[in-house]
Each structure stands twice: as structure tokens, then as C-alpha cells.
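Subject: Structure handover

Hello,

Here is the structure I said I would pass on. My notes follow below it.

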Amino acid sequence: MNARDIDPRLGDAAKAFLASKHLALIGGQWVGAKSGKVFDTFDPGTGKVIAQVAECDAADVDAAVAAARKAFESGPWPKMSGSERTKLMWKLADLMEQHADELAQLESLNCGKPLAQMRMGELMFCIEVLRYTAGWATKLNGETIQISTPGNFHAFTLREPIGVVGQIIPWNSPLMMAAWKLAPALATGCTVVLKPAEQTPLTALRLGQLIQEAGFPDGVVNILPGFGPTAGAAIAAHPGVDKVAFTGSGEVGRLILQAASGNLKKVSLELGGKSPVIVFPDADLSLAVPGAARAIFGNSGQVCAAGSRLYAHAKVFDRMVEGIAGEAGKIRVGHGLEAGTQMGPLVSKEQLERVSGYLDQGRRDGVNVVTGGNRIGTEGYFMAPTVLTNTRQEMSVMREEIFGPVLCATRFDDEDLERIAREANNTIYGLAGSVWTRDLGTAHKMARRIRAGTVGVNMHGSLDPAVPFGGFKQSGWGREKGREALELYTEVKTVVMSLG
Ligand code: NAP
Ligand code: MG
């Protein structure tokens, strides 16, 4: 990258990183793709190329899996105690904190997130998920088991690392997805081959440098930038990979499952949603209006748990819709690195086209566009925050994950919680949902009736590292974060001893 093309709003460290070579991390070495190929990565705020990155494919996956296998079976990693792994993870978290400005700038440039939100919000959760999960490295206990077979026996379980894990992550929160995936793998003593999304490889590569600086042994974390159908598919199919963890679309989730069937590797999937925000007539609208707006417009709606379907009681529907449209009108949409930006661009031209395609179809189906509904400007991939009414269940805007700042608002005129929940649950997904009410009984009853992995009451979603996250129904398999995440990366071994 020519230095004069680098965004002047970046600090010196981010500039230096952008100007450097962007290679793959395999077995502790930074190497180009064996094919010699590179691909462009873009600034979604301008559409311009910001760097070129090694384009890894199946041959590089072979090398990375071999390095991960070696690190898992020999060398310092398998001999390390839980407490040593905890210390390494804290070292990495500390390094991320020291380089927080640089990481936030690189992330903002590469995926369009507003810099201040990244720096003060998401990045802190990346760091905290490492620290929180590191604590589990010393608590991977089995149990002693009472058995009834006649004789003298001692039976117990051990919890052991699953082995070499492939991790394939999306572009919507690149560094956070990397941290959510890496933390439980490292805490449990697994080794990793990580593939960031083609749109957003930069922060994963910078993280790889910090992983080395923290002192993780060579081959414990291997990072391969590249494309899904080549590098990603090779990881999912590789016979040397014991488990694959994936976040992204349901379409690719199915491909991962098929590919994983070859060696029956373990699979965990986080596949997005179409999450309801249910507002009861007694709700505090001074909380519900901005809360519902944040739930759909945060990260330009590119959030798997986004509150994309508003169900508001007829008594408060108009006030909710007007209020959210008012919030939408106040949002400052702009380049992620521009001071004061509150909502950045969509990640790519393809994503802008996808979201615009849904809106075109919605218009043909007869939706009413209350606000937004259009692209902003011609440079970069900006989409106006959008609120739709007159939406019906059979429309694609109501059924499919748009992954953009588009809210479908529907009213209900019912007091029966069973029927309200049935409507809210009328989706193939089950990732999240929220209930807005002052009534404790309504809150608890609805929390139990919503078929989703996370339910918020008077809030929507939580990034806290201690709470499990994942989906019911077609939103996925398994839970990340919290203690549950450790289960995705460990095998339980039963040991039975005859004491004679
Ligand atoms: P995607 O294709 O599912 O991408 C997710 C990850 O899977 C990326 O690293 C991708 O690599 C990789 N991948 C793609 N094809 C693969 C294959 N055959 N085998 C193994 N890995 C493969 O998602 P997308 O196309 O970027 O976005 C499309 C839609 O997916 C969005 O509009 C949204 O609805 C949904 N999505 C959901 C989430 C979520 O958090 N649940 C995140 C992102 C997108 P490449 O980047 O190189 O293709
Ligand atoms: Mg894709």
C-alpha cells in the first residue's frame, strides 16, 4: 500500500500496519499463500482498496492443520497447566488493551463501524471475553461417579481438549467473533486454524501478531485469510480437524455440516436470526423507543441478534413507530473514522445490494416505508435507517434475515400471551428476542414462551462474556460465551478403575 493512499485519520501504528505485508500465520511464521495469490480488502466507507492480503486455499489449510496438530500433540502447549494458559490469555488481553486505539481504527476502517463505538464498546468486550474465559482454564473439572456394579470401583470423568479446531468467522464484528471463538479454544488447550471473512481480514491478522507477542507457542493459533469456498471449505472438510465452529449464514452453515460429515468432526453453528422486540402497552416508552432503535440500527443492522421485527400493542404502536422513525432521523450516518459518526456503512457492495433487494421486494409486496428505504450517497455503501409498516408474515422482509438497518413493525391487539408469543415465534430462527413491559408477571411468562437463545427484558441482547449465546431452531447449534462455551471445546472421558 502506498503510504499517501492511507487514510490520514488513522494513527501511526494503524498506518504502519496497513503499509506492511498481510500474510498468513502458520506454525508461528508469517507466510504468503502457497499459490502466491493475494486479494484486495476495501474500506466500505469509500469503496477503495486499503490493502492486499494473502489468499490462502486448501494447500495452506493443509500446512496450518499440520502445524496445529503438531502443537496439540507435542511441544509446550499440551504440557502447560491451566494456570499457565490463563496467564497467556491475560497477557493477550493486556496487549489488546495497550493497542486498543490501533485495533479499533483498523476495525473501523475495514468494516465501517463507528470508531468511538468500537473503541469504547465492542473492543472492551473482546478483551473481557478473553479475561473471563481465561478463568475457566483452571476449572475444567470432571466429577466422581457412584456406580452400582457389584464390586469395588472408582469411576470419574476428565474434561479434555477436543483437539485441532477450525474456526470460520463473519465480517459483522470481526475482532469480537475472533475473540469469542479463540477464548474457549485456548482456555481448554485446543489448537486453532482460524479463517476471517474475506471482507475483514485485517484485525484478525493484527491479533495474530499480538498472540505471538503474548508468547503462545508456535502453531497454537494459525490464521488463514482467504475465501469461503476454498480456504473455508477446506477447513470444514479436513480430516485432520476435530471440530469446526462457524458463524455466518444458514446457507453456508449447511455446507459446513455436509463437509464435516467426512470425518464426523464436531460442529457448532451460530446462524443469525429474525428476532422479535415485543412491546406491551404498559412499557416505559422512554426506554422502549431508543432500545428498539438501537436493537435494529446498531452496527447498521448487521447483527445476528438484531431486533428486526417489532411487535407493539395497538395502544402504543403509533408512538413506537413514530419514536423509532424519529430516532432514525437523528442518527449521524457517515464514515466510521469520522468523528461524530453514529452509524457506518454496510460492509460491502454485495451487502448493500442484498439489503436494497429486500427493500425492492418489500415495496412490490406492498410495505409502507415510514422512513429511510434508500441508499445514502454514491460513494461507500451507506443505507438509511429504515422502518417499514404494513408488513405481513408471508413477505420476505418479515421472514428472512436482511442483515441491514431495516425494521419491520407489526401491531398486535391481543391480551393473550400465548397468541402473542406464537406470532413472535413464527420464524425459522430462534436467536434472540426482547420483551418491554413494567409487569413482572408478563416479563417472566413471555421470557419462558419466546423460543430463542437469549431473551432481554427492557433491553435487547447482552455482550457480557458470562452469558451463554446461541440459537434455538435454525439459529444454530451450541452456545458460545459463559461456561457453556467450554463444553464446545472439550470431550468428556470416563475412567473406571477396578479396585480389586
Ligand atoms: P457467509 O457466506 O455465511 O460467511 C461467513 C463465513 O463463512 C465467512 O468467513 C465465509 O468466507 C465463510 N464461507 C463462505 N462459504 C463457505 C464454504 N463453502 N465453506 C466454508 N466457509 C465458507 O456470510 P456472507 O455471505 O458474508 O453474508 C450473507 C448473509 O449471511 C448476510 O446477509 C447475513 O444474513 C448472514 N450473516 C450472518 C451472520 C451472523 O452473525 N449469524 C454473519 C454474517 C452474515 P468468505 O467471507 O470468504 O466468503
Ligand atoms: Mg458468503
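Which residues point one way from S7, and which the other way? Val164, Gly166 and Ile168 point one way, Val165 and Gln167 point the other way, and all are buried. Buried means under 20% relative accessible area, with exposed over 50% and partly exposed in between (1.4 Å probe, protein chains only). Strand S7 covers residues 164-168, and five of its five residues are buried. Helices (H or I, at least four residues) and strands (E, at least two) are DSSP runs, numbered from the N terminus.

Before the rest, two notes on the source. This is a predicted model, in which local features need pLDDT of at least 70 and side-chain atom pairs count only at pLDDT 80 or more, while totals for chains, interfaces and linings use all residues. Residues are numbered from 1 along each chain as its sequence is written, chains are lettered from A and ligands numbered from 1 in the order in which they are written, and side-chain values use heavy atoms, with hydrogens and water left out.

Strands

S7 pairs with strand S8 (residues 191-195) in the parallel sense, over five bridges. Two strands pair if DSSP finds at least two bridges between them. Opposite Ile168 stands Lys195 in S8.

There is also an open sheet of three strands, in the order S5-S6-S22, with antiparallel pairing. Its edge strands, S5 (144-145) and S22 (490-498), each pair on one side only. S5 is joined to S6 (residues 153-161) by two bridges, and Ile145 has Ala155 in S6 as its bridge partner.

Ligand 1

There are 30 residues around ligand 1, and Ile169, Trp171, Gly228, Ser249 and Arg354 come nearest. A residue counts as near if one of its heavy atoms lies within 4 Å. This shell divides into 15 nonpolar, ten polar and five charged residues. Here Ala, Val, Leu, Ile, Met, Phe, Trp, Tyr, Cys and Pro count as nonpolar, Asp, Glu, Lys and Arg as charged, and the others, Gly among them, as polar. Helix H8 gives the largest share of the shell, four residues.

Oxygen atoms of ligand 1 lie 2.5 Å from a side-chain N or O atom of Trp171 and 2.8 Å from a backbone N or O atom of Ile169.

Domain 1 (3-271 + 478-493) and domain 2 (276-464) both give residues to the shell, so ligand 1 lies between them. These bounds come from an automatic or database domain assignment.

Regards

Notes. A polar contact is a pair of N or O atoms within 3.5 Å; within protein, one must be able to donate a hydrogen and the other to accept it, and residues adjacent in sequence count only if both atoms are side-chain atoms.
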